[in-house]
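Dear colleague,

Here is the structure that I promised to pass on to you.

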Amino acid sequence: MSALLVELEKQACSLSPEERAHLAEVLLESLHDTPLSEIETEWEREIEKRTAAFDRGELQTYPAEDVFSEARRMTQ
């Protein structure tokens, strides 16, 4: 690990929780070709689309008990 990275980690850990969260968001966003704000906007559209389809009765639904039972079966 470079000395610069060690120093940056030390300084970052001295920030307030809010400042660390902001720094984490900035760093994560720098890893993506698409800004996180655009990704969040697309997710919001998808959520609205799926919610509307559910409200219109266009989606097949499954009881939560069945979903959790299947998930447990798959992890065993």
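**Surface notes**

Glu18 is exposed, with a relative accessible area of 60% (exposed means over 50%, buried under 20% and partly exposed in between, with a 1.4 Å probe and protein chains only). Please keep in mind that this is a predicted model, in which local features need pLDDT of at least 70 and side-chain atom pairs count only at pLDDT 80 or more, while totals for chains, interfaces and linings use all residues. Residues are numbered from 1 along each chain as its sequence is written, and side-chain values use heavy atoms, with hydrogens and water left out.

Glu18 lies in helix 2 (helices are DSSP runs of H or I with at least four residues, numbered from the N terminus), and its C-alpha atom is separated by 38 Å from that of Glu65, which is 47 residues away along the chain.

A patch of negative charge on the surface is formed by Glu25, Glu29, Glu38, Glu40, Glu44 and Glu48; patch residues have over 30% relative accessible area and no salt bridge, with like charges joined within 9 Å and nonpolar side chains (Val, Leu, Ile, Met, Phe, Trp, Tyr) within 5 Å. A salt bridge here is a side-chain nitrogen of Lys or Arg within 4 Å of a carboxyl oxygen of Asp or Glu. Helix 3 (36–55) gives the most to this patch, with four residues, and Glu48, which is placed in helix 3, is exposed at 57% relative accessible area.

Met1, Leu4, Leu5, Val6 and Leu8 form a nonpolar surface patch, with about 530 Å² of accessible area together (Shrake-Rupley method, 1.4 Å probe). Val6, in helix 1 (residues 3–13), counts as partly exposed at 44% relative accessibility.

Best wishes

Terms used. Lys and Arg count as positive and Asp and Glu as negative; His and the chain ends are not counted. The place of a charge is taken as NZ of Lys, CZ of Arg, CG of Asp or CD of Glu. Helices (H or I, at least four residues) and strands (E, at least two) are DSSP runs, numbered from the N terminus.
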